[in-house]
Amino acid sequence: MPKSENQKILKKTRKSEKTDFHPINAFKESFIRDLMALSLEGELDNLRLKEAGILASIDERNKRKKIDCEGCHKSHQIKNLVLIQTRWYTPPSGCTEGDYWNEGEMQFICPETNVINRLLFFNDDVPYGERRNYENDPEEQFRRNYKSLFKEIVESCGETPEPWKNNYYANQNRKKFGLVEKRKSSS
Ligand SMILES: [Zn+2]
């Protein structure tokens with residue numbers, strides 16, 4: 001390429017660079033960038049609103065789910081039941097361990113007979129070391145997704161008063177409550 005051609009191209013480039021840096025163009029660009037950022041935030045707000053709406057609908061659906069009752073042998077909607085959250089104590093040990101109340105089992109009171117239903121879950125199908133992982137723990141999943149949907153939550157840190165019965169309904173109907181399914185037995 002002859003030298004003059006090169007220079008022409010160089011000049012052209014410089015000219016276009018010069019145009020890019022023109023203050024009005026720079027202003028336009030930053031204006032467009034701001035607009036785009038604004039519309040992205042607006043989009044995110046809309047998504048969050050949509051998410052909140054879906055979560056509320058899920059709660060609304062879940063609180064109508066029914067649990068079979070060991071007290072009256074009928075079934076009750078979750079939203080009509082009083083939940084008892086039991087707690088058990090870990091005494092202090094050493095300098096930093098213990099001295100706190102742990103969440104224990106959940107129970108509900110039959111509104112017709114006042115029999116306490118102990119909601120029991122078992123995940124002995126899962127290897128011991130993995131049982132407390134959330135994804136393997138139907139009890140924690142039930143607690144997270146359903147506890148707040150009961151009519152009322154009562155805390156209890158003493159012994160369960162009579163009359164009470166064991167209730168395995170949620171554990172045996174995990175699909176209905178969207179809980180982790182039991183693993184296929186290897187035997
Ligand atoms: Zn009942």
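This is a predicted model: local features need pLDDT of at least 70, side-chain atom pairs count only at pLDDT 80 or more; totals for chains, interfaces and linings use all residues.

How many bridges join β3 to β6, and do the two run parallel or antiparallel?

Modeller: β3 and β6 are joined by five bridges, and the two strands run parallel. To find your place along that pairing, look for T86, which has S156 of β6 standing opposite. Now check how well β6 is covered. Strand β6 takes in residues 152–156, and of these five residues the number buried is zero, so the strand lies largely in the open.

Stepping back, that pair belongs to an open sheet of five strands, in the order β6-β3-β4-β5-β7, with mixed pairing. The edges are held by β6 and β7 (164–167), each with a single partner strand, so each has one side left without a neighbour in the sheet. On average, and ignoring direction, neighbouring strands of this sheet are turned by 35 degrees against each other. As for the pairing itself, strands of a sheet pair through backbone hydrogen bonds, either parallel or antiparallel. You've seen the parallel case with β3 and β6; for the antiparallel one, go to β4 and β5, which pair over four bridges. There, F108 stands opposite N117 in β5.

Stay on β4, because Q107 sits in that strand and counts as buried, with 22 C-beta neighbours inside 10 Å; the cut-off for buried is 20 or more. Leaving out residues up to four places away in sequence, Q107 touches I84 and T86, then I116, N117, R118 and L119, and also T160.

Next, the nonpolar side. The largest nonpolar core has 15 residues, and the members that touch the most others are I78, L81, L83, I84, F108 and I109. β3 (82–90), β4 (100–109) and β5 (116–119) each supply at least two residues of this core, with the largest share, three residues, coming from β4. As a general point, nonpolar side chains tend to be buried together in soluble globular proteins. Take I109 as an example: beyond its neighbours within four places in sequence, it is in contact with L81, V82, I84, N114 and I116.

Now for the helices. In α3 (residues 138–146), the buried residues are P138, E139 and Y146. They cover an arc of only 100 degrees around the axis, which puts them on the same side of α3. What covers them includes α2 (23–62) and α4 (169–172). α2 itself is hardly covered, since the count of buried residues among its 40 residues is zero. At 1.5 Å a residue, α2 should span 58 Å, and its end C-alpha atoms are 58 Å apart, which agrees.

Finally, the whole chain. The protein has four helices and seven strands, running α-α-β-β-β-β-β-α-β-β-α from the N terminus. Buried residues make up 13% of its 187 residues. Among contacts between residues at least 6 apart in sequence, 59% join residues at least 24 apart.

How values were computed:
Residues are numbered from 1 along each chain as its sequence is written. A residue is buried if 20 or more other C-beta atoms lie within 10 Å of its own, exposed if 12 or fewer, and partly exposed in between; C-beta atoms are placed from the backbone. Two residues are in contact if their C-beta atoms, placed from the backbone, lie within 7 Å. The arc is that of the directions from the helix axis to the C-beta atoms. A nonpolar core is a set of buried Ala, Val, Leu, Ile, Met, Phe, Trp, Tyr and Cys residues joined through C-beta atoms within 7 Å. Two strands pair if DSSP finds at least two bridges between them. Axes are lines fitted to C-alpha atoms, for helices over the stretch in contact, and angles run from 0 to 180 degrees between N-to-C directions. The expected span of a helix is 1.5 Å times one less than its number of residues.
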